[in-house]
Structure formats: structure tokens, C-alpha cells
Amino acid sequence: MMDATCHETNWKESLSTAGAVFAPGDSTGEALHFGNAREEYAALTGGVGLADFSHRTQIELTGADRQTFLHNLCTNEIRRLTAGTGCEAFLCNAQGHVLALVNVFCGAANLVIETVPGVGAKLLAHLDRYLIREKVELADRSESWAELLLAGPGSDAILQPLAGDLPQQPLGNVLTQCAGVDVSLRRVEITQPHGYLLSAERCELPKLWQALLQAGARPCGSAAVETARIEAGTPYFGPDITDANLPQEIARDARAISFVKGCYIGQETVARLDALGHVNRTLVGVRFAGAELPAAGTDLTDDSGKVVGRVTSATFSPRLTAPLAFAYVRRETNTPGAKLGSSVGSAEVVALPI
């Protein structure tokens, strides 16, 4: 994909020589803060925001059997992908519990699994466990490749002069050059409206960052990204999804699950739940009437006081002018408009994205 020797350059030295106003992100994958979080949020959702996603996981699959191999390990139709397309998928264990929610990007000679930071070793071990005679090579590129997120309604206008033709479909991707840097340009909906992940050799990221700032992007930190991704209804493995969850609980069936494909790891559980017609709880948006943000783990109750849900992550939503959270809520009380209670006040289930 990119220059195999580039990553040997010292990361801190490359930042200095590029003269970029750029700081490597924290362990969650975004630079912590660049100034006014409200202005950063406004850029991501109404202008053009630029965030450091340099810690996110990227695993590359090459070899003649790569698509069949991954198809047999995840919930979506990998064999139907063509170069330049992509999809969401769950990787599950044999019991059907979620190991990861991933983006899969299909290139002409590879597949790239892209997801939240810190899970590369776990996913690589899971994939390697099922690799027997298939002609597939696996490589964790999380240290040598790195990403930036460019998002907001002005993203196309900034990117097109720098990178040429842009992918038009969700999770579409193209290999191109941006400001003289070889990049894999990937259209995503992590925040809304749409944005792009720009994946390049790690040592090239400061140059790319600086070029996008000069083109008019506003640097954005993790607080602004967190707000925008919750409003967009984008759950993250870790805070919102764990290996205790089943795929249908995440409520991304249309995006990430094929119910007509053949067998794959965990398929029996997914099919059984589909035949049953429901899971007992799903991940939904919850708006709170008060000003206090609910902490992760906050219980949600019905009108009888029975605990029917639990918060996973929360933010203050500028669109709602109120606290907004992801929460798992039981199916009797998880439709939009359902009223709930909590230790921080009354709440209501809302449809995502906002």
C-alpha cells in the first residue's frame, strides 16, 4: 500500500521536521484537546474538522484466499466486495459473542480490517487461529500505518483539490496521493455528516496534517469527536460493546450482518436470534432532561422503578441541548419516546443519529 521503509523514521523527529502543529493522540486514538471543544464540534459537524486517529487498529490481509477466509470469520458478505468498496462486520467467537465491530476495506490486492485502538494483537491472534491451509498472510499495520479523520460538510471541497476523485459510497476507498503523500482514502460515517479516514505511513502523518490545516480544516480533539460520534450513533468497542454482547444487541443489523450468507464463526447464535425475532436488549440513544451527564454504568429504570437499562457512554449534545447517552435498554422500553428514570433525572429513548 505505502512505502514499507517509511515507518522506520522516528515519529517525534518527523513531527519536528514537518513543522506541524500536531500531537500524537492519547490511548483512545485522538489528540486530547486543541482549544474550544464547542468550536471543534461545530467544525466536525458544520464545517471541516481534523482529528488524530493515529492509534486505531489496522490489520492487512493479502493472498489469493483473503476474501473467502475473512468471509468465513465475520457476519457480513466479504466475498462480494470489489476493489474500492467496503462494509461493516462483526467478528465473533464460536459462541456468537462480539470480539470486534470493524470496517473492512477492499483493495485490489488486499483487505484491511480497521477499528478502535488497542485490539490488533487480539484480532490477529483470533484470525491466525483459524488460518490453516488458506493462502493468506496477516499483518498488524497499526504501528507502521496511521490515520487522520477529516469530517464535516466542507470535507469534499478541501480534499478534492488535494487528492482528486473521492469515494462516493459509505466505506468506499481509493489509493491516491494527498498533498504528495500516498494515502488510502476511506469514506466513513463515524461522525455526521460523512467524513474520511486518511491512512498513510506513520512518518508521513505530520505532512498530511499540516496540508489539511493549510487547506482550511480545524484541528479537533477527543471531546469533540466523542460528542459527534455519539450523536451520529456510532458505537465503539470498549465503552459501548464488549465480548458479553451479541451482534443483534448493537442494533446495526442492516449495516453489519448478512442473514443469508453461509456458515461463519458464531453464525449459529446469530441465526437462532434471528429466528427468535428479537434480543432482550439493544443499544439505543437516551436523552436526559437534567444538566448532569450520567456516568458509564448508570442504571435506567421504568415507571415501576425496575432497572431496565444501563448507560455505556454519554456526552452533552449541542443538537439536543441536553445530555445524550448510549445505553442498553430492554426491549419492552427501548422504542423512541419511551420514558425512563435514573439517578440524574428523567430520560427518554431517542432515535440515532440525532
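The following legends describe close-up views of a predicted model.

View 1. Five strands form an open sheet in the order 3-4-5-2-6, with antiparallel pairing. Strand 3 (86-92) and strand 6 (137-140) are found at the edges, where each has a single partner strand, so one side of each is left without a neighbour in the sheet. On average, and with direction ignored, neighbouring strands of this sheet are turned by 25° against each other.

**View 2. The pairing of strand 2 with strand 5.** Six bridges join strand 2 (residues 56-62) to strand 5 (residues 111-117), and the pairing is antiparallel. Within this view, Gln58 stands opposite Glu114 in strand 5.

**View 3. Helix 4 across the strands.** Helix 4 (residues 120-129) lies across strand 2, strand 3, strand 4, strand 5 and strand 6. Relative to strand 6, helix 4 runs at about 170°.

**View 4. The largest nonpolar core.** This core holds 61 residues, of which Phe53, Leu61, Leu70, Ile78, Phe90, Val102 and Val104 touch the most other members. Strand 4 (residues 98-106) makes the greatest contribution to the core, supplying seven residues. Apart from this core lies another one, of 22 residues, which includes Tyr196, Ala200, Trp209 and Leu213.

**View 5. The surroundings of Ile78.** Ile78 is among the residues that touch the most other members of the largest nonpolar core. When its neighbours within four places in sequence are left aside, Ile78 is in contact with Gln67, Leu70, His71, Cys87, Val104 and Leu111. Two of these partners, Leu70 and Val104, are likewise among the residues of that core that touch the most other members.

Methods: Residues numbered from 1 in each chain as written. Predicted model: local features only at pLDDT ≥ 70, side-chain atom pairs only at ≥ 80, totals over all residues. Heavy atoms only, no water. Core = buried A, V, L, I, M, F, W, Y, C linked by side-chain atoms within 4.5 Å. Buried < 20%, exposed > 50% of the residue type's maximum accessible area, 1.4 Å probe, protein only. Helix = DSSP H or I, 4+ residues; strand = E, 2+ residues; numbered from the N terminus. Contact = heavy atoms within 4.5 Å. Pairing = 2+ DSSP bridges. Axes fitted to C-alpha atoms, helices over the stretch in contact; angles between N-to-C directions.
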